[in-house]
Amino acid sequence: MRRNQRQLYRGLLFLLALVLSYFLSHVGPPSTVAQAQGRVFVNQATAQFDGPDGPVEVTSNETRVGETIVPLSIVKTADRAAAEPGDVVVYRLLVTNPSSRVAAPLTITDQLPRGLIYVPNSVQTTPLQPTQQVITDSSLTLTFPSLEPGASVSIAYGVLITPDAVRGDGRNVAQASAPGFTPVSAPFQLTIRPGIVSDCGTILGRVFVDKNFDGQQQPGEPGVPNAVIFMDDGNRILTDPDGLFSLANVLPGYRVGTLDLYSLPGYTLAPNLYRIEDNSASRFVRLSPGGLGRMNFAVTPTFGEEQS
Amino acid sequence: MKQRWWIGYGAVALTVPGLALTVPPVAGQSALGDYSLRVTSPEDGPVQPDEGLTLREAIELANGTLTPEQLSEAEQAFAQPLPTGQGSRIGFDLPTGQTTIALVDLLPEIVAPELVIDGTTQAGYDVSAGLDPKFPPAPVVSLTVAEGSEVARGLTIAADGVTVRGLSLYGFRTSDRATQTTPPADIFISALAPPVDSSPLSPALELFRLEDAEAAPRGVIVEQNWLGLPPNGEFPAVPSAFGVSVFNAVETTIRNNRIQNHDGSAIITGFRADGLQVSENAIIGNGLAGMPDAIRLEGAIASSAITDNLICANDGSGIYFFKTEGAAQISGNAIQYNGRRFERAAVYLMGNDHQLSDNFIGYQPGPGVAVTAYPLSLRNQIRGNRYAGLDGLSIDLNTQGNTGVQDFQKGDGPNPPRNSYHRRRETGNAAINSPEFDAYGFVTGAAEVTLTGTADPGTEVDLYRVAEEGFPYSPLSEPLGTVTASPEGTFSASLALPPGTRVSAIASDPEWGTSEPAPVAAVQAADGSLPELPVTPVELPNCAAPVPPPEPVEPPPPLEPLVLTVPRNIHFALDRSDISPESAEILDQIAEVMLEYPFLTVELHGHTDPRASAAYNLALSERRSLAARNYLVRQGVPPERMRIVPFGETQRRSQGSGRVEYARDRRVEFVFTDLRGLEITFQDQEADLQLE
């Protein structure tokens, strides 16, 4: 009992020590860090040297520490979200100076992803005109003398999508910077579609009740709705009410599809009395790049389902 | 090597002119000598001169591919020439006790016109044993497959006017092989039947000439046969695949046959079956492991008629039209207890201008009649039928172009009223509106009650009594009368109906067809109350043959709770659906109980363990319950008392993941129902547990 009381006292003393130390650390006079807040330190470096014409003084630009500079704002848009090789995309940049200081000089760079190149002489700027314009294949640099507080400059330029772009990521970053301002950037993600250089093919086919066992659909051989075809990559395809199906964007190469007989109870694959190869349970298609493959499944009423 | 391989279709087309010259005219009757033939030997094998005339020899004689001179003197005595022009007749004079003809190979295709194969000529055929035209007397002569042989077709008919009478045919099917086979059947009717498969041993492939309607056999008659079951009526050791396959024939008549126990459909049409007449047959327990519908209609079926049949206890629909051309008339049939394996409509209609009248359609786990929305089906008149015990609407018109899996099996339920003209183009029977009563209750007057409501203007509204409980839809039990809707779209009928009667209605328009039923309204007593009417007793599932007239008076069954020690489950090995010997013993006990108590029905719930995909397990569980069901059918349990419900892996027996738990999961449960509403006690058993 006595021991328990002693432990309780110790605990209380420890709590008291914690509380006291907190108050002592916060009751003292404000520190120097706090005093410096709100003040702006203007720092400018000066260099002097004795030249042939006497002492020369060179002054650097001012740097200001402690000033809350509202950063430049940059917005990047394009006239489309997705493009294919051969398309020209028009990008627009809007750079605004919301601060109270002049941004001078203003430098704007735009870095293009792989496979995108500038259309020559396509840069248009309003209302300011750039003093310097450097264009390489994959980057654009514009320099403006100054951007007044509250003013904006709008830049538009065209970019050509080359077939190389399919291998790139389509992410384009523009950056605006000026002395004394934190550089700001704006990305734009363009979805690159393979378009005319796509190598995906299309597979189409039909599931029908074969009456003459030749594997071809003729009049009087109706299509079977809601039949399921499985592809080698796991795609599951459902036939329409006429028994037709089509599958776009299939990677070229050797493709195999098979009929899920469980999806059409009462039917099984029909024998093909003309072509022994078409008696296979699956269809094998060599799909050339951009090509069209066909998978027809002939079915016939079945029996003996308990055998399998 | 006689085999001719034609590569591709172009080669076939090129061969056509040459082939047309070599094909002899099938219809040339004068080319054939006509005989009266008596089959005296049940043997089968190569044609050779010996003691008795076999069926194979008789058919070849009739076909003209064999002359009597090629046979022995004794055999020639059984072939008497007949005046030409009337066709040959094959009768039977088999020795007593040797009336089973076991085939070892396909019989030759019958190309002799007007040939009659008459099993009723065999001594011992009892014409008077047939009490009901649907159940012909048991045949004496049976045609089946020799043990160890495989024969795809019983009789292959390719000539006009052939009649097959009074035979029992069963056991015709094919087994698994390198390629699939063309559908086997007891009786296959087509001009130039396709070879069984595409193996190099198959005979050279002729052209089917499917397009040429003149080549199709005309006027074939199949009557008084038992198809799919031996003369003793038992389940055959080897079931047939299909019953009658009308593949390419016109004006075929199938009447007074008993067609039972097929893996596939009892009657299936192929490319052309115009003018098919199916009348007064008993079609029971077909579709056991294949095409589940009793009568499956495909292709051209113009001016067909299906009349006065008993279609009972088949695994799918009673009658299923699949993208047919031409109209059929369906009347006077009893279509009941179907859908044992697939929850389909009793009659599924595709196509225009079908007429369904005076049928009884009942006890189906789906709607009574479903009309598809695609291909758009119009002007189907469905009137004067009686319905009972349905799990769906009596008439279900698919709407909104619905073509999902369920829509082609069970339909899509009640339709909303037509809100646009375009509904007509995407709804069965052109979206004719179902009638609606003005109230759910009508207070009766002194003698009569006046029912009022709305319907499409000018339609004929058939009023029905509804006997079963259920709201707002219930099967239409009995037609009460017909009134015509006014040009404003209202109707009114005064009928003498006792209070408590529940009524519904359907509307028919010759331009569009028949509608779905109206929501049920009730006739109230004068004080507004709704008295209870006496309920009709529950009918036992039954598609048995009629018993002889002097029926022994059975004592009423005792109405006391049954205390049965029935095992309620059997188990399976991993990924297997075959019945182990231990499970067979348990199934024998269940079969014994089922046979002892005819009022018991059972649902077979198939289950799997949780491994493998859900879809695979669903299929596996179905195979398991199917295997159990087919075993019980072989033990004599009537198929109309069993239903297959696969559950897959959704309802496990145990929680764990050990070998024992999984073994417990792999099971078929038997859920018995006593139709008299009494309770049964069950017994779980694990005697047949099969560990991995």
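**Figure 1. Helices and strands of chain B in a predicted model.** Chain B has six helices and 46 strands. Helices (H or I, at least four residues) and strands (E, at least two) are DSSP runs, numbered from the N terminus. This is a predicted model, in which local features need pLDDT of at least 70, side-chain atom pairs count only at pLDDT 80 or more, and totals for chains, interfaces and linings use all residues. Residues are numbered from 1 along each chain as its sequence is written, chains are lettered from A and ligands numbered from 1 in the order written, and side-chain values use heavy atoms, without hydrogens and water.

**Figure 2. Helix 2 of chain B, residues 55–63.** Nine of its nine residues are buried (under 20% relative accessible area, with a 1.4 Å probe and protein chains only). Among them are L55(B), I59(B) and N63(B). R56(B), E57(B) and E60(B) are buried too. After helix 2 of chain B comes G64(B), with a positive phi near 85°. Across chain B, buried residues make up 57% of the 692 residues.

Figure 3. The whole structure holds three cavities of 30 Å³ or more. A cavity is a set of points on a 1 Å grid over the protein atoms alone, where a 1.4 Å probe fits but cannot get out; lining residues have an atom within 4 Å of a point. Grid points are joined across faces, edges and corners, and a volume is the space filled by probe spheres set on the points. The largest cavity has a volume of about 120 Å³. Its lining has 15 residues; T300(A), P301(A), P183(B), F247(B) and G270(B) lie nearest the centre. Strand 24 of chain A and strands 13 and 16 of chain B each give two or more residues to this lining. Strand 16 of chain B gives the most, with three residues.

**Figure 4. An edge-to-face pair in chain A.** The rings of Y91(A) and F188(A) have centres 5.8 Å apart and planes at 80°, so they are edge-to-face. Rings of Phe, Tyr and Trp (its six-membered ring) pair if their centres lie within 6.5 Å; planes under 30 degrees apart are stacked, over 60 edge-to-face, the rest tilted. Y91(A) lies in strand 7 and F188(A) in strand 15, so the pair ties together parts 97 residues apart in sequence. Y91(A) is buried, at 0% relative accessible area. F188(A) also counts as buried, at 16%.

**Figure 5. A stacked pair joining two chains.** The rings of F213(A) and F247(B) have centres 6.3 Å apart and planes at 10°, so the pair is stacked. F213(A) is buried, and so is F247(B).

Terms used: On a 1 Å grid over the protein atoms alone, a cavity is a set of points where a 1.4 Å probe fits but cannot get out, and a pocket is an open set with protein on both sides within 12 Å along at least five of seven lines; lining residues have an atom within 4 Å of a point. Buried means under 20% relative accessible area, exposed over 50%, partly exposed in between (1.4 Å probe, protein chains only).
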